[in-house]
Amino acid sequence: MKKFLKFFSLVAVAVLGLAACEKLDDLPYYNLGNDITLSVAPSSVTPTLQDTSSNVLNFSWTSPKYATDTANYKFIIQIDSAGKNFANPTTKTVMGSLGASYTGGEMNNILLNYGFALGATVSLEARVISSYGNNNEQRTSNTVGFTISSFDHPAILTSENTAVTGTLATAGDHSNTFNWTSAFQTYTGNVTYELQYDAAGNSFASPHSVSVGVNMNTISFNQG
Amino acid sequence: MIGFALISGIAANATGVVEFRIKATTAQGAVSYSPVVTVSITTYLPIQKMYLVGGMQGWDINNPLEMINDAKPDRFNKIFYS
C-alpha cells in the first residue's frame, strides 16, 4: 500500500507539473533570402566634365525576398579595381531599392582616390551584398565588370586686374589678387595648388611657380 | 607682380604680358591645369640707391659716396665684390 501511495504521488506531481506549462506560439521564421543577381549598364563608359552631376553608371539587382518589408532590405554596393578581390572596396549603402546609380562626379572621385592616371581607361568590378537591416542573412551577388575613365576638372582662374604697374616707392602696396575655383570638385582628398607664370607666348615651356598650399583658392601680391 | 615680369624676361621700365595658370595636384598625383589668364605688367627698376661711407670720404655720413648702377643686361641686379 505504501508503494502504491508513493507511486501515485509521483504521478500526481508529474501531471500537475505538465499542466502548469504554457504552450507558446511557434517562433517566427525569417527565411535566409534568395541569391541576388547584379547587372550593370553600360559596361563601358567615358564620362566628361558635363556628366559630373549626371548618372553615368546604373546597377540593378534581383530581390533577395527576405521575410520583411522591402524597405528594410539593405544593400551594400562594393566597387574595386578588377582582380583585387574587393580588398579595398569603395561602398555605397542603399535601403529598400533594387538598384543604384553613380554620377560622373562620384565615379571620378573613386578613380582619383584609387590613383588611376587621369583619363586612363581602367577596369573595375562591382558586387552587392544584401542583408536584413540588421545585417543578418548576408547574400553576396555575382561580380560584374566594367571599364571607365576619369576626367579632368580644372580650376578656373580669375585675376583681379588685367593690367598692373607700380613704383619702387609703392612696392609694398597691394597690386593684384588671383582667385580660382577648386579643381577636381567631387574629389574628397586634398588638392595642392601652385600658381605658375611665364611670359606670353612661351606656352609654359619652362614655367616659374609660386606655391600656394593645400585646398587654397586665393593668393595676393604686392607691386614689388 | 613686377618680380614676375622681370623673372619672365620682361625688361625693366617696360610693359609686357605674363600668363598665369593654376596647377592642381591630388594627393594621389593627378594633375590639372586651369585655363590661362594674362596680366599686362609695367615694370620699374627695382633697385635702391646704395651709398658707401669710409675713409675715402672722411667717414662723413652726411656726404656718402653714391654707388653707380650698371644697367648692362648681364650685370643688372647683380652684385660683384672682391
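In this predicted model, the contact between the two chains takes 35 residues from chain B and 45 residues from chain A. On the side of chain B that touches chain A, four elements each supply at least two residues: α1 (2-7), β1 (15-26), β2 (31-33) and β3 (37-42). Strand β1(B) gives the most to this side, with eleven residues.

**Composition of the contact**

- The residues on the side of chain B that touches chain A divide into three classes: 19 are nonpolar, 13 are polar and three are charged.

**Strand pairing between the chains**

- Ala163(A) stands opposite Ser40(B), a residue of β3(B).

**Strand pairing within chain B**

- Strands β1(B) and β3(B) pair with each other in the antiparallel sense, over six bridges.
- Ser40(B) in β3(B) stands opposite Val17(B), and Ser40(B) also stands opposite Ala163(A).

**A closer look at Thr25(B)**

- Thr25(B) belongs to strand β1 of chain B.
- This residue is classed as partly exposed because 17 other C-beta atoms lie within 10 Å, a count that falls between the limit of 12 or fewer for an exposed residue and that of 20 or more for a buried one.
- When neighbours within four places in sequence are left aside, Thr25(B) is in contact with Val191(A), Thr192(A) and Val31(B).

**Domains of chain A**

- The domain assignment of chain A gives domain 1, spanning 38-149, and domain 2, spanning 157-222.
- The centres of domain 1 and domain 2 of chain A, taken over C-alpha atoms, are separated by 39 Å.
- The contact between these domains takes seven residues from domain 1 of chain A and five residues from domain 2 of chain A.
- On the side of domain 1 of chain A that touches domain 2 of chain A, one residue is nonpolar, five are polar and one is charged.

Terms used. Residues numbered from 1 in each chain as written. Chains lettered and ligands numbered in written order. Predicted model: local features only at pLDDT ≥ 70, side-chain atom pairs only at ≥ 80, totals over all residues. Nonpolar A, V, L, I, M, F, W, Y, C, P; charged D, E, K, R; others polar. Domains from an automatic or database assignment. Pairing = 2+ DSSP bridges.
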